[in-house]
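Subject: Structure handover

Hello,

Here is the structure I promised to pass on. My notes follow below it.

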Amino acid sequence: MLNQAQAEQFQIEYLQPVEKREDAKSSWGQDIKEGLSQSPKTIPPKYFYDDQGSQLFEQICELPEYYPTRTEASILRKYAEEIVEITGICELVELGSGSSTKTRLLLDAYHQPNEVFKYMPIDVSAGILKESAIQLKQDYNSLEIKGLVGTYEQALTQLKPSAWPARMIFFLGSSIGNFSEAGYDNFLNKIAQVLENGDYFLLGIDLQKPKSTLEPAYNDSQGITAAFNLNMLTHLNNKFGGNFDVNNFKHQAIYNEERKQIEMYLLSEREQKISLEKLDLKVKLNKGEKILTEMSRKFNIEETRDKLESKKLKTIKVFTDENKWFALMLCQFSK
Ligand SMILES: C[S@@+](CC[C@H](N)C(=O)[O-])C[C@H]1O[C@@H](n2cnc3c(N)ncnc32)[C@H](O)[C@@H]1O
């Protein structure tokens, strides 16, 4: 239990729905209507994350085949102190924080006894956000936590200016790889709009590597990634009054070498009619038809550096592991 003083430094806020026209397409439900009406059909990856999906993702992070989490954690373990030396104490804002497990490596480095510091985790999955915020508050008593429940788009348009001398937004787990090329560009524009001169951006990217390492990471032998992918349909059934039968779908993940991305699909094993009542949506799926549920693009450090630079995000330092499987790019915004 949190005591009175701790509870005062702990808040959870639900972000407002996106109303601006340019973002409305990605608002809840509308993106499903669009994605399931196009060819090939798509469902945005944010729908993986109901409470069950968040728990399954935690299990994925522990899988022997899933190298990204432990590789990124090893980089943070080695370089978190150096990151703090560069940025100094600043307000920490994390996009897609999930369980904040890896974040603890950064919090350990930023934590100074008896000095208040601030962390804003942001996630669409309210359950895991609240659970992890409570745990963090118990473990770091000088940490002021303000959790925001909502999407990246909501957060980046509704984030208030920081009262701290500097802010660092960080985005771990190579979740940036889930955006299309246009979505990636748009996301970085929003990051640049929200940062003030001198603020920092720390970005985790999964680097290009052979298919023989990549494909097993998304096709684990215990079938946890398959359960995670299929759970998206259960989430849609619950959220939108749908009638997906998960037994009629199969998980598939392949590496598209030309596009340098893992593509994760749900394959319809028979012809079927789906309805999502709350969205007033009816969809027909053919036998063998695939729904794209996630792209996970794999990056190259130099290209990413150039891209960040084009958004006035100057790379100060790149931290990587000995295999060069994953990188953390620390950037500073300068107008
Ligand atoms: C792949 S997990 C990564 C979790 C953690 N950052 C890590 O590196 O292990 C993605 C996290 O982002 C959240 N998420 C996914 N799409 C989101 C969106 N559009 N807006 C906000 N959060 C999102 C999920 O709920 C999940 O916790």
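Lys46 sits over the face of Trp28, 4.6 Å from the ring centre. Lys239 also lies over the face of Trp28, and its distance from the ring centre is 4.6 Å. Bear in mind that this is a predicted model.

Next, the aromatic pairs. The structure has 19 of them. In general, the distance of the centres and the angle of the planes describe such a pair. Take Phe48 and Phe228: their ring centres are 4.4 Å apart and their planes are at 25°, so this pair is stacked. Stacked here means planes under 30 degrees apart. Where do the two residues lie? Phe48 is in the loop between strand 2 (41-42) and helix 4 (51-61), and Phe228 is in helix 11 (residues 224-240), so the pair ties together parts 180 residues apart in sequence. Phe48 and Phe228 are both buried.

Phe228 has a further partner in Tyr49. That pair is edge-to-face, with 5.7 Å from centre to centre and 65° between the planes. Tyr49 lies in the loop between strand 2 and helix 4, and Phe228 in helix 11, so this pair ties together parts that are 179 residues apart in sequence. Phe228 is buried, at 3%. The cut-off for buried is under 20% relative accessible area, so Phe228 falls below it.

Ring pairs also build a cluster. Its members are Phe48, Tyr49, Phe57, Tyr66, Tyr218 and Phe228.

Stay in helix 11 for Thr225. Thr225 has 3% relative accessibility and therefore counts as buried. Which residues does Thr225 contact, leaving aside its neighbours within four places in sequence? They are Ile60, Leu63, Ala217, Tyr218, Asp220, His251 and Met264.

Last, a helix pair. Helix 5 (residues 67-87) packs against helix 6 (residues 103-110) at an angle of about 35°. Their axes are 9 Å apart. The crossing is right-handed. From helix 5, the contact involves Ala73, Leu76, Arg77, Ala80, Glu81, Ile83, Val84 and Thr87. From helix 6, Leu105, Leu106, Ala109 and Tyr110 meet them. How do the residues of this contact divide by type? There are 9 nonpolar, 1 polar and 2 charged.

Best wishes

Conventions
Residues numbered from 1 in each chain as written. Predicted model: local features only at pLDDT ≥ 70, side-chain atom pairs only at ≥ 80, totals over all residues. Heavy atoms only, no water. Axes fitted to C-alpha atoms, helices over the stretch in contact; angles between N-to-C directions. Helix = DSSP H or I, 4+ residues; strand = E, 2+ residues; numbered from the N terminus. Left-handed = near helix turned anticlockwise from the far one by under 90°. Contact = heavy atoms within 4.5 Å. Nonpolar A, V, L, I, M, F, W, Y, C, P; charged D, E, K, R; others polar. Phe/Tyr/Trp six-rings, centres within 6.5 Å; stacked < 30°, edge-to-face > 60°. Buried < 20%, exposed > 50% of the residue type's maximum accessible area, 1.4 Å probe, protein only. Lys NZ or Arg CZ within 6 Å of the ring centre and 35° of its normal.
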